Amino acid sequence: MNAISLETPRLRLRPWQESDQEAFAAMNADPEVMLHFPAPLNRTESGGLMDRFVNHFETHGWGRWAVEERETGKLLGFCGLATVPFQTTFTPAVEIGWRFAREYWGKGYAFEAAQAALRDGFERLHLPEIVSFTVPANVRSYRLMQRLGMQPGNNFEHPKLAVCHPLREHVLYRITRSQFEKDWADQVH
Ligand SMILES: CC(C)(COP(=O)(O)OP(=O)(O)OC[C@H]1O[C@@H](n2cnc3c(N)ncnc32)[C@H](O)[C@@H]1OP(=O)(O)O)[C@@H](O)C(=O)NCCC(=O)NCCS
């Protein structure tokens, strides 16, 4: 299935291409970017992650896009939707996720990309709800969830991490289609 692209004032959310591998691997190998994950990724693991993104698009027709800066064509990171790949209290569910290279934080790029991805998820894909989650220490990520109008849900324990793993506890945020449409209407009027 062909993946569509989205454009925002500064960004293009587009399908992955082979030439993204190098910048994607550099971002995934950066310890600061990967601080709230079990470990940075080596090149093979980074390639495997990109393959999973591509497979998700092929299976569902939507997924995590490559995000490039329109002005320069540079790869900034990824943003988009994915089915939650484990079972817990709020699944089945669709999750919005993001990761940007360190030099592109603090510019509102993740917010701009995530707003477009949420809008696509609700308006084109007609999803009833989109969730997002992270560890409590990842303040930048959950502040972004809050700025997007997502509401806090119950904390949960990530079932793929061992019971005593320091990253096991997660905060959950969620937004329904009707909440998003109301927020959007309030912004426009
Ligand atoms: C999570 C992550 C994407 C957040 O990136 P971010 O740049 O902080 O998020 P935003 O795009 O919302 O940008 C907000 C910042 O840009 C600033 N900004 C500048 N211009 C802006 C604009 N035009 N619009 C909005 N914000 C703007 C805001 O003031 C804010 O600054 P602050 O961080 O000093 O408060 C980023 O930290 C990241 O990639 N982290 C590593 C990966 C990760 O942990 N992913 C999440 C896993 S669950």
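Helices (H or I, at least four residues) and strands (E, at least two) are DSSP runs, numbered from the N terminus. This is a predicted model, in which local features need pLDDT of at least 70 and side-chain atom pairs count only at pLDDT 80 or more, while totals for chains, interfaces and linings use all residues. Residues are numbered from 1 along each chain as its sequence is written, and side-chain values use heavy atoms, with hydrogens and water left out.

**View 1. The residues around the ligand.** The ligand is surrounded by 21 residues, and the closest are Phe 100, Gly 106, Asn 138, Arg 140 and Arg 147; a residue is near the ligand if one of its heavy atoms lies within 4 Å of it. Helix 4 gives the largest share of this shell, with five residues. Sorted by class, the shell holds 10 nonpolar, five polar and six charged residues, where Asp, Glu, Lys and Arg count as charged, Ala, Val, Leu, Ile, Met, Phe, Trp, Tyr, Cys and Pro as nonpolar, and the others, Gly among them, as polar.

**View 2. Polar atoms facing the ligand.** A polar backbone atom of Lys 107 is 3.3 Å from a nitrogen atom of the ligand, and a polar backbone atom of Tyr 109 is 3.3 Å from an oxygen atom of the ligand. The side chain of Asn 138 also takes part, with a polar atom 2.8 Å from an oxygen atom of the ligand. On its own the ligand has 960 Å² of accessible area, of which the protein covers 72% (Shrake-Rupley method, 1.4 Å probe). Two or more residues of the shell come from each of strand 5 (94-100), helix 3 (109-123), strand 6 (129-134) and helix 4 (139-147).

**View 3. Strand 3 and its partners.** Strand 3 (residues 64-69) is largely enclosed by the rest of the structure, because six of its six residues are buried, that is, under 20% relative accessible area, whereas exposed means over 50%. Strand 3 pairs in the antiparallel sense with strand 2 (residues 11-14) over four bridges, and five bridges join strand 3 to strand 4 (residues 75-83), again antiparallel; pairing requires at least two bridges found by DSSP. Val 67 of strand 3 stands opposite Leu 13, and Val 67 also stands opposite Gly 77 in strand 4. The hairpin of strand 3 and strand 4 has five residues between the strands, and in this hairpin Gly 73 takes a positive phi near 75 degrees.

View 4. Arg 14 lies in strand 2 and counts as buried, because its relative accessibility is 7%. The side chain of Arg 14 makes polar contacts with the side chain of Asp 20 at 2.8 Å and with the side chain of Glu 68 at 2.7 Å. Such a contact is a pair of N or O atoms within 3.5 Å, and within protein one must be able to donate a hydrogen and the other to accept it.

**View 5. Two loops with backbone features.** In the loop between strand 4 and strand 5 lies Pro 92, and the peptide bond from Thr 91 to Pro 92 is cis, with omega near 0 degrees. His 126, in the loop between helix 3 and strand 6, has a phi near 55 degrees, a positive value in a residue other than glycine. His 126 counts as exposed, because its relative accessibility is 53%.

Conventions:
Buried < 20%, exposed > 50% of the residue type's maximum accessible area, 1.4 Å probe, protein only.
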